[in-house]
Amino acid sequence: MGISVIWSVIAILVRWIFSKRRGAISYDSSDQTALYIRMLGACVIFKQLFSRDVRVRSQVGFEPERRGSHPYLGVDFRTLHSRAESAGSIPARRIRRLFSFQRHLLSSRFLRGAPHLNPLHILDEDYCGQAKCMLEKVGSWNFDIFLFDRLTNGNSLVTLTLYLLSHYGLIELFQLDMVKVHRFLVLVQEDYHNHNPYHNSVHAADVTQAMHCYLKEPKLAKSLTSCDILLGLLAAVTHDLDHPGVNQPFLIKTNHYLAALYRNTSVLENHHWRSAVGLLRETELFSHLPAEDSLNMERQLGSLILATDISRQNEYLSKFRTHLDQEDLCLGNASHRHFVLQMALKCADICNPCRPWELSKQWSEKVTEEFFHQGDIEKKHKLEVSPLCDSETNSIADVQIGFMTYVVEPLFAEWARFSDTRLSQTMLGHLCLNKASWNAMQPEASGSSEELESEQEASSRALPQGSPQS
Ligand SMILES: *[C@@H]1O[C@H](CO)[C@@H](O)[C@H](O)[C@H]1NC(C)=O
Ligand SMILES: *[C@@H]1O[C@H](CO)[C@@H](O)[C@H](O)[C@H]1NC(C)=O
Ligand SMILES: [Zn+2]
């Protein structure tokens, strides 16, 4: 790729960043430069944000310590509060931006890894070429999201979502403004906590990739509308937004204000949804649509995200089972399609054990690390240690085996009844093999094997209520 091509890409980009045209730009995925534009776009926006942030911070005399006002959590209350009022005053909005920028500085691998901000870095042909290559197989169940995240400098969520939105032609169809789309996705990616071992933007990218695989399944592909697809993708992208890395019981027992706000019910999921709505409104992504339509989108987004509350799994599963037994799912009916999307998102959210072992194992290690971290905080503050969170009495293997047996297998068995395809068989195959691998890794019970078994059973039973995984 010659220098002149690079400069013309930059010229296009600059024109596009500063133009206020709405929905006028669409990208053909076969266009050689399209991927570079997509990647560069995020990069240039980073740079703009960065310089603005530095400017604003020096004006205000900003103190570096602004996070962690809660003894246990890295949640910034002021940020959350100001986000809750969507039409906040200008100073409040500015402060909210300020925190978001600061968070970006602290957490972005892109900025940490590239002290001399030069947008051309991202044009490194090797990485770009490899990431682009990977995107050609984005519908593959073996897609390695960890590798993709490294190749995109930690921007897997932004890059993948931009690719999928244009792949499905949604930018054009919904007349979305590319600048707003970028800004929305960059903010979403930043509002995931990169220091969470599991609930971070790579998990969101992974769920989005899985969702894409399900949307392509014949039954869904031939019946879903563009609106369904847009909502399905957006829900996957935002479903764990601003996750604090601890579960709902923890928030309740530490009297977190979110628990009070949402009355101890789907506390995290409500927060992910309202955070997503906050960013949608702030970036005015749907502001060109009739108010009624964008409100309806927000509502449906909420209904999808709330379905990922693992403690309500049985409710959704028995409804799914009843439909399958009675063979009465009619995908011409919008409310049935919405239900199927809820089930697809639930599957995407907990599909880790259905991935090939090399990927699945990494997810298992990460989620257990997050559980044990919560357990350590609980011990430190003399709180009761949550089920599965005690590193002294649990192992990765027994946490995983319980999770697979009681949560994942029942869900994917029904999904395979609904969508009896090669993908479903592949997923069930991996699930079975991965479970056998964890079983083989179980330490030989040195003491009483009965004791081990009953303990394992107890922790598994506790899963649906106490599981931080979702
Ligand atoms: C939430 O649960 C806590 C602890 O069980 C309880 O003290 C509190 O009153 C509950 N809040 C609401 C709104 O139900
Ligand atoms: C769609 O399904 C819902 C729920 O099963 C039902 O109440 C509604 O009447 C159906 N709508 C149509 C147009 O069939
Ligand atoms: Zn999740």
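A polar side-chain atom of H336 lies 3.0 Å from an oxygen atom of ligand 2. The model is predicted, so to speak of local features takes a pLDDT of at least 70, and side-chain atom pairs count only at pLDDT 80 or more, while totals for chains, interfaces and linings use all residues. 

| Residue | Distance to an oxygen atom of ligand 2 |
|---|---|
| N333 | 2.3 Å |
| S335 | 3.4 Å |
| H336 | 3.0 Å |

Taken alone, ligand 2 exposes 360 Å², and the protein buries 24% of that. Such areas come from the Shrake-Rupley method with a 1.4 Å probe; for residues, only the protein chains shown count as cover. The residues around ligand 2 are N333, S335 and H336. Here, a residue is near a molecule if one of its heavy atoms lies within 4 Å of it. Residues are numbered from 1 along each chain as its sequence is written, chains are lettered from A and ligands numbered from 1 in the order in which they are written, and side-chain values use heavy atoms, with hydrogens and water left out.

Next come the sites in the record. UniProt, in an unreviewed entry, places the feature "binding site" at H199, N200, S201, V202, H203, D240, D349 and Q400. These positions follow the numbering used here, feature names are shortened, and annotations may be inferred rather than shown by experiment.

Where does V202 sit? V202 is found in helix α11, residues 201-215. Helices are DSSP runs (H or I, at least four residues), numbered from the N terminus. At 9% relative accessibility, V202 counts as buried. Buried means under 20% relative accessible area, exposed over 50%, and partly exposed in between (1.4 Å probe, protein chains only).

D349 is found in helix α19, residues 334-349. It has 2% relative accessibility and counts as buried. A polar contact of 3.0 Å joins the side chains of D349 and H239. A polar contact is a pair of N or O atoms within 3.5 Å; within protein, one must be able to donate a hydrogen and the other to accept it, and residues adjacent in sequence count only if both atoms are side-chain atoms.

D240 lies in the loop between α13 (226-238) and α14 (248-253). At 1% relative accessibility, D240 is buried.

Now for helix α8. This helix covers residues 156-167 and has 12 residues. From its first C-alpha to its last, α8 reaches 16 Å, close to the 16 Å expected at 1.5 Å a residue. The expected span is 1.5 Å times one less than the number of residues. Of the 12 residues of α8, 11 are buried, so the helix is largely enclosed by the rest of the structure. Among them are S156, Y163 and S166. Just after α8, G169 takes a positive phi of about 70°.

Technical notes. Helix = DSSP H or I, 4+ residues; strand = E, 2+ residues; numbered from the N terminus.
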